[in-house]
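Here is a predicted model to read closely. The questions below take up a pocket, the domains and a sheet.

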Amino acid sequence: MRKLSLIAAAVAAIVALALWVVTVPASVPSSVLPPHTPDLGNGRTMFHIGGCASCHATPNADPAKVDGTRLGGGLALKSPFGTFYVPNISPDPADGIGAWSAADFVTALWTGTSERGRHLFPAFPYTSYQSMQLPDVRDLFAYIKTLPPVAGRARRHDIAFPFNIRRLVGIWKLLFLHGKPFVADPEKSAALNRGNYLVNGPGHCAECHSPRNALGAIVEDQRFAGGPSPDGRGWVPNITPAGLANGDAVWSEKDIASYLADGMNPAGDFAGGAMAEVVRNTAKLSTEDRAAIAAYIASLPPRQGPKPPPKRP
């Protein structure tokens, strides 16, 4: 029995050591970043399609008074695992990301690792941002640095045990962070590839429009098929053709592009809640980018997601 106990302890120690090694937060070294001349116009596009201000702008009791250029953070994001408080990403060197290097920023978006080498919780959608192309990430960083610095840090996350143990996020990443860059499909048009990239990369549309499993990861075979909102207080619609043809009105590709510009759906209603904020961002994109997004969404395979609750009379 003593020998068996020693063997079990040794195996447990080896497994623990292996898990510790494979869950080390990944980083992108500065040495692999080539010289880059920022394109601030493209950075602004990435900023808007990424909805950066929607989460990171300093909250105000009056939503109409929120300044989308002041990225002081503080917004509370409720989830089944607890409440996350969005950090300051303004250029403030002490409380924001003003002291970050380009490699720090790329690391955060591609691998979900902070500048201090700690796992970031996946409430930050790096599962989508990992697909962003390097020039776009660096242009976004350059654009954010042109915005005003904001002093002050958001409060600490309020997350239940054991989900507050950051090292466990490393195991989550092994399961759900694929680390693959976006690759254009040569058999698809330039518009469809652009729409695919914007929707699945910086736009991170699937993060809200997809159901999630018990560990909080997207259910891939129901991607874009809708489900409970991340905060559990509403329902996000199915935006595959199965959902867009099964509501109050049937959506065309032109309807999708128009909705991204002015927020009015084919039934004559306007976007509300979180989607109204999304439209405020997509309205600032080029007509071509909105058309590309619409083309890609219209091309999605029809998927049946979770059944939404009955509408109230």
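**Pocket, domains and sheet**

Q: How do the residues of the lining of the second largest pocket divide into nonpolar, polar and charged?
A: The pocket in this predicted model has a volume of about 500 Å³. Its lining has 30 residues; the closest to the centre are Thr127, Gln130, His178, Glu220 and Arg223. By class, the lining divides into 15 nonpolar, nine polar and six charged.

Q: Which helices each supply at least two residues of that lining?
A: The lining of the second largest pocket draws on several helices. Those that each give at least two residues are H5 (126-129), H7 (166-176) and H8 (190-200).

Q: Where does the second largest pocket lie relative to the domains?
A: The domain assignment gives domain 1 (25-156) and domain 2 (190-298). Both give residues to the lining, so the pocket lies between domain 1 and domain 2.

Q: Which three residues supply 35% of the area that domain 1 buries against domain 2?
A: The domain centres, taken over C-alpha atoms, are 22 Å apart. In the contact, 20 residues of domain 1 meet 21 residues of domain 2. The two domains bury about 1,600 Å² between them, 58% of it on carbon and sulfur atoms. On the domain 1 side, more of the area comes from these three than from any other three: His48, Ile49 and Ser128.

Q: Which residue in E3 stands opposite threonine 83?
A: The open sheet has the order E1-E2-E3, with antiparallel pairing. E1 (76-79) and E3 (158-159) are its edge strands. E2 (residues 82-85) pairs with E3 over two bridges. Opposite threonine 83 stands aspartate 158.

Conventions:
Residues are numbered from 1 along each chain as its sequence is written. This is a predicted model: local features need pLDDT of at least 70, side-chain atom pairs count only at pLDDT 80 or more; totals for chains, interfaces and linings use all residues. Side-chain values use heavy atoms; hydrogens and water are left out. On a 1 Å grid over the protein atoms alone, a cavity is a set of points where a 1.4 Å probe fits but cannot get out, and a pocket is an open set with protein on both sides within 12 Å along at least five of seven lines; lining residues have an atom within 4 Å of a point. Grid points are joined across faces, edges and corners, and a volume is the space filled by probe spheres set on the points. Helices (H or I, at least four residues) and strands (E, at least two) are DSSP runs, numbered from the N terminus. Ala, Val, Leu, Ile, Met, Phe, Trp, Tyr, Cys and Pro count as nonpolar, Asp, Glu, Lys and Arg as charged, and the others, Gly among them, as polar. Domain bounds come from an automatic or database domain assignment. Two strands pair if DSSP finds at least two bridges between them. Contact means heavy atoms within 4.5 Å. Buried area is the accessible area (1.4 Å probe) that two parts lose on being put together, summed over both.
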